Amino acid sequence: MDATFFFDPACPWTWRTSRWLVAVADARGLTVEWRSFSLAILNEGKVAPQFAEAMAASGRALRLVEALRAEGRGDDTARFYAELGTRTHDASNPISDKLVEAAVEAAGLGDAAPALDDDRWDQAVRESHALAYSSAGPDIGSPVLTVPGAERGIHGPILTEVPGTEDALTLWDSLLPLLRLPAFHEIKRGRR
């Protein structure tokens, strides 16, 4: 893998970052491994009632992500997330069970759909989340990006919009050496 992207499909910031990474991967011929990061696990016991439905739907989607990963079906995961993000973030709809199921169907993953409701995948989601958190945490959220040759991952990059290809590649080319530099810790701007 050239990069591992840990994500929660409920997060719009994560969606933008994933589209940046897909553009970079396409332009540079990189392989991306898609892994689970759960905001529900991160905020366990503190999820506000108005977010409970979205967190449950995201949890179902993450079960599928880990089931597909276990079968070496990374391209299917990427296609599923693209379908789900288009239906949620691009269309300004909160993630829901209905949209997760529509994305599964649109991605042609009916054979894997039973994983959505198979709680045996919850442990794999927890393990993936723990790996991401230990790589980049504490005090992080979704997404987490790791690359070979780097001691630690990072939370982000957090993007306000998906950059064009030239800017996407500039960001990647600037970020990669920082990720691999053990002394590098953080760059941050306040949100506007």
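**View 1. Helices H3 and H5 lie roughly parallel to each other in this predicted model.** The angle counts as roughly parallel because it is under 35 degrees (over 145 is roughly antiparallel, 65 to 115 roughly perpendicular, and the rest oblique). The axes of H3 (residues 52-70) and H5 come within 8 Å and cross at roughly 25°. Here axes are lines fitted to C-alpha atoms, for helices over the stretch in contact, and angles run from 0 to 180 degrees between N-to-C directions. Helices (H or I, at least four residues) and strands (E, at least two) are DSSP runs, numbered from the N terminus. On the H3 side, the contact is made by Ala57, Arg60, Ala61 and Leu64, and on the H5 side by Asp97, Val100, Glu101 and Val104. Contact means heavy atoms within 4.5 Å. Sorted by type, these residues give five nonpolar, no polar and three charged (Ala, Val, Leu, Ile, Met, Phe, Trp, Tyr, Cys and Pro count as nonpolar, Asp, Glu, Lys and Arg as charged, and the others, Gly among them, as polar).

A word on how to read the views: the model is predicted, so local features need pLDDT of at least 70 and side-chain atom pairs count only at pLDDT 80 or more, while totals for chains, interfaces and linings use all residues. Residues are numbered from 1 along each chain as its sequence is written, and side-chain values use heavy atoms, with hydrogens and water left out.

**View 2. Helix H4 meets helix H5 at an angle of roughly 135°.** The axes of H4 (residues 74-87) and H5 (residues 97-106) come within 8 Å, and the angle makes H4 oblique to H5. This crossing, too, is right-handed. H4 brings Phe80, Glu83, Leu84 and Arg87 to the contact, and H5 brings Leu99, Val100, Ala102, Ala103, Val104 and Ala106. Eight of the residues in this contact are nonpolar, none is polar and two are charged.

**View 3. Phe5 and Trp34 form an edge-to-face ring pair.** The whole structure holds seven aromatic pairs. Rings of Phe, Tyr and Trp (its six-membered ring) pair if their centres lie within 6.5 Å; planes under 30 degrees apart count as stacked, over 60 as edge-to-face and the rest as tilted. In this pair the centres are 5.5 Å apart and the planes stand at 75°. Phe5 sits in strand S1 (residues 3-7) and Trp34 in strand S2 (residues 32-36), so the pair ties together parts 29 residues apart in sequence. Phe5 is buried at 1% relative accessibility, and Trp34 is buried at 6%. Buried means under 20% relative accessible area, exposed over 50%, and partly exposed in between (1.4 Å probe, protein chains only). Ring pairs also link Phe5, Phe7, Trp15, Trp34 and Tyr81 into a cluster.

**View 4. Thr77 is a buried residue of helix H4.** Its relative accessible area is 1%. Leaving aside neighbours within four places in sequence, Thr77 is in contact with Trp34, Val65, Leu68 and Arg69.

**View 5. Ala27 is a partly exposed residue of helix H1.** H1 covers residues 12-28, and Ala27 has a relative accessible area of 45%. Beyond neighbours within four places in sequence, Ala27 is in contact with Thr165 and Leu169.

Definitions and conventions:
A crossing is left-handed if the near helix is turned anticlockwise from the far one by less than a right angle, and right-handed if clockwise.
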